[in-house]
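Open your viewer and get ready to select a few residues along the way.

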Amino acid sequence: QVQLVESGGGLVQPGGSLRLSCAASGSIFSINAMGWYRQAPGKQRELVAGISSGGSTKYADSVKGRFSISRDNGKKTVYLQMTSLKPEDTAVYYCNVGGLTVVFRPFEVWGQGTLVTVSS
């Protein structure tokens, strides 16, 4: 079993910053890709940012230059630093982690979601 625990969401004013964290735990042998997705009301879930095991990153065009994804392999944690937040960034943010369990079975799990609200 692999679990993810997210934290860091909340209410922030436009132009403000937030940092999301997502910690993985359980029967993990290795972690490959880690990422953040978001889903706004009435919209489909979309990729916000991803980071590979080697540290390569990718971002949605809408967040490039404002968001930064990073990971701490020792802590099995992925972070999303969000700056210059806009009202359109309001959504539930989900982390997604893939890898291998201790019995070498592949896994992909989702966090429970954390709400980010950007409003004055």
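A disulfide here is a pair of cysteine sulfur atoms within 2.5 Å. Keep that in mind for a stop below, and note that this is a predicted model.

Start with the whole chain in cartoon view. There are 11 strands and 0 helices. The C-alpha trace spans about 50 × 25 × 25 Å along its principal axes. The radius of gyration is 14 Å, which agrees with the value near 14 Å for a compact globule of 120 residues.

Now select Cys 22 and Cys 95 and show their side chains. A disulfide joins the two, with 2.0 Å from S to S. Cys 22 sits in strand E3 (residues 18-26) and Cys 95 in strand E9 (residues 91-101), so the pair links parts of the chain that are 73 residues apart. Which hand does the disulfide of Cys 22 and Cys 95 have? The torsion about the S-S bond is about 50 degrees, so the disulfide is right-handed. Both Cys 22 and Cys 95 are buried.

Next, select Val 78. Among its contacts beyond four places in sequence are Cys 22 and Cys 95, along with Leu 20, Met 34, Trp 36, Ile 51 and Ile 69.

In soluble globular proteins, nonpolar side chains tend to be buried together.

Finish by showing the surface. The protein exposes about 6,400 Å², with carbon and sulfur atoms supplying 50% of that area, while 42% of the 120 residues count as buried.

Key: Residues numbered from 1 in each chain as written. Predicted model: local features only at pLDDT ≥ 70, side-chain atom pairs only at ≥ 80, totals over all residues. Heavy atoms only, no water. Contact = heavy atoms within 4.5 Å. Helix = DSSP H or I, 4+ residues; strand = E, 2+ residues; numbered from the N terminus. Buried < 20%, exposed > 50% of the residue type's maximum accessible area, 1.4 Å probe, protein only. Rg over C-alpha atoms; globule rule 2.2 N^0.38 Å. Areas by Shrake-Rupley, 256 points an atom, 1.4 Å probe, with all protein chains shown as cover.
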